Amino acid sequence: MPRTPPTSTHTRALRQIAAPARLRESLALNRPLSVRNACIAGLQVALAVVLVSIALHYSPWSDMASYGGLGALAALFGRFAPLAQRRRIVAMAGLQLVVPVALLSLLGLSGLGPVAMLLALAVVAGGLASLAHRTQMGPPGAVIFIFAASAAVSPIDHLGILVERTAATALGAVAAWLLCLLTDHWRDLQVRPPAAPTPAPAANAPAVPPLGPGYAPQWSLRVAVCAALAALAAHAAGWSHPAWAAIGAVAVMQGAHLPGTVHRAWQRTLGTVVGAALAWLILSSSPNFWQLLAAVAVLQLLTELVIGFNYALGQVFVTPMALLMTALSSHSGATDMAVSRIFDTLVGVAVGLVLALLLSSLDDRLYLARHHDRR
């Protein structure tokens, strides 16, 4: 039986993951595919968030403004698709935002405890990842849908809250769809996203297969296990938002292969720390609803403008945007959320990275070794 080459062992891969070169690579700037399309997607989401939040603010359901913002995130998907296809993608994304909110709210109504709710979130996260992968939804990926699901893990005591959460999320998704319908002609319709890269095989090793739709069941299980471990670890530590750890873990695992996973880990960590500090500065000034809403809109646009250059830069703005969106509905413990976000993200990143290494295939590790040697 042939021995495994030393460069393919988990121990050697761990040293290559921890190499300073991985940090330098994660900070490199890329050339975005289309700044114009990114700007338009950011404006579509920002405008949908503003319109829906204002409508809910002046309604009897003002505490549901953040759920309306969640639904508006549907406009992030399909920004390079042809007009008719974009409408289908945004509608599908809206559905994948609404259903998890309704499902987790229903489970919260049933009286499940915190641990059971986190496990349910992990199962839902695996299903959402599988669905997004099978339908090839594209960037920003399943983490957006899991973010929506995580907003509904808090327990509720009557059916009306379930209906309000679901309706507010659906209202945001409908607003996003309508705005895309009205403004999509401004996009550069000639731009097409590049095909997902498939690493060349190492010497005497088979090619790493592309992660096509058939990979969805495996991906679903990995995401569910990763989300559960991260969320339960944060819960055991006594932190107030353990669902955020699950989001961080899944975001790291969205890297197609080990080098990409390491880059995501560094970028998620560094961007979240800076972004959480920015959120703390904003929230500590006790902003009112209108100031929060303006900040959310600006941060959403900035996120889409810079995330194509570097994922860490995007996290600098998306982190405070997410925290401020949550604060639109409730200001209680707002500044504490920023600190919690850092700790939860660190746990999620660590769990995601360790699990990605432990579950890596021989071909993944050989590809990492080749990548490391070239640096």
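The structure holds four salt bridges, a salt bridge being a side-chain nitrogen of Lys or Arg within 4 Å of a carboxyl oxygen of Asp or Glu. This is a predicted model, in which local features need pLDDT of at least 70 and side-chain atom pairs count only at pLDDT 80 or more, while totals for chains, interfaces and linings use all residues. Residues are numbered from 1 along each chain as its sequence is written, and side-chain values use heavy atoms, with hydrogens and water left out.

**Salt bridges**

- Side chains of opposite charge can pair when their charged atoms come close.
- D184 pairs with R86 in a salt bridge whose closest N and O atoms are 2.5 Å apart.
- This pair links distant parts of the chain, 98 residues apart: D184 lies in the loop between α8 and α9 (216–236), and R86 in helix α5 (residues 83–109). Helices (H or I, at least four residues) and strands (E, at least two) are DSSP runs, numbered from the N terminus.
- D184 also forms a salt bridge with R187, at 3.2 Å from N to O.
- Both D184 and R187 are buried, where buried means under 20% relative accessible area, exposed over 50%, and partly exposed in between (1.4 Å probe, protein chains only).
- Salt bridges with shared partners join R86, D184 and R187 into one network.
- R22 and E25 form another salt bridge, with closest N and O atoms 2.9 Å apart.
- Both R22 and E25 belong to helix α2 (residues 20–26), where they are three residues apart, about one turn of the helix.
- R22 is buried because its relative accessible area is 0%; E25, at 16% relative accessibility, also counts as buried.

- R268 is located in helix α11 (residues 258–284).
- Although buried, R268 has no salt bridge, and the nearest side chain of opposite charge, D344, is 11 Å away. For charge, Lys and Arg count as positive and Asp and Glu as negative; His and the chain ends are not counted.
- The side chain of R268 makes polar contacts with the side chains of Y311, at 2.9 Å, and Q315, at 3.4 Å. A polar contact is a pair of N or O atoms within 3.5 Å; within protein, one must be able to donate a hydrogen and the other to accept it, and residues adjacent in sequence count only if both atoms are side-chain atoms.
- Beyond its neighbours within four places in sequence, R268 is in contact (heavy atoms within 4.5 Å) with residues including I247, G248, R341 and V349.

**Overall architecture and cysteines**

- The chain has 15 helices and zero strands, and 53% of its 375 residues are buried.
- Of the contacts between residues at least 6 apart in sequence, 82% join residues at least 24 apart.
- The count of disulfides is zero, a disulfide being a pair of cysteine sulfur atoms within 2.5 Å.
- C180 is buried because its relative accessible area is 3%, whereas C39 counts as partly exposed at 25% relative accessibility.

**Model confidence**

- The mean pLDDT of the chain is 86, and 89% of its residues reach 70 or more; pLDDT is the predictor's confidence in each residue, from 0 to 100.
- Confidence is highest in helix α8 (residues 159–183), at a mean of 96, and lowest in helix α15 (residues 362–374), at 79.
- Over residues 197–214 the pLDDT is below 50, and this stretch has 29 contacts in the model beyond near neighbours in sequence.
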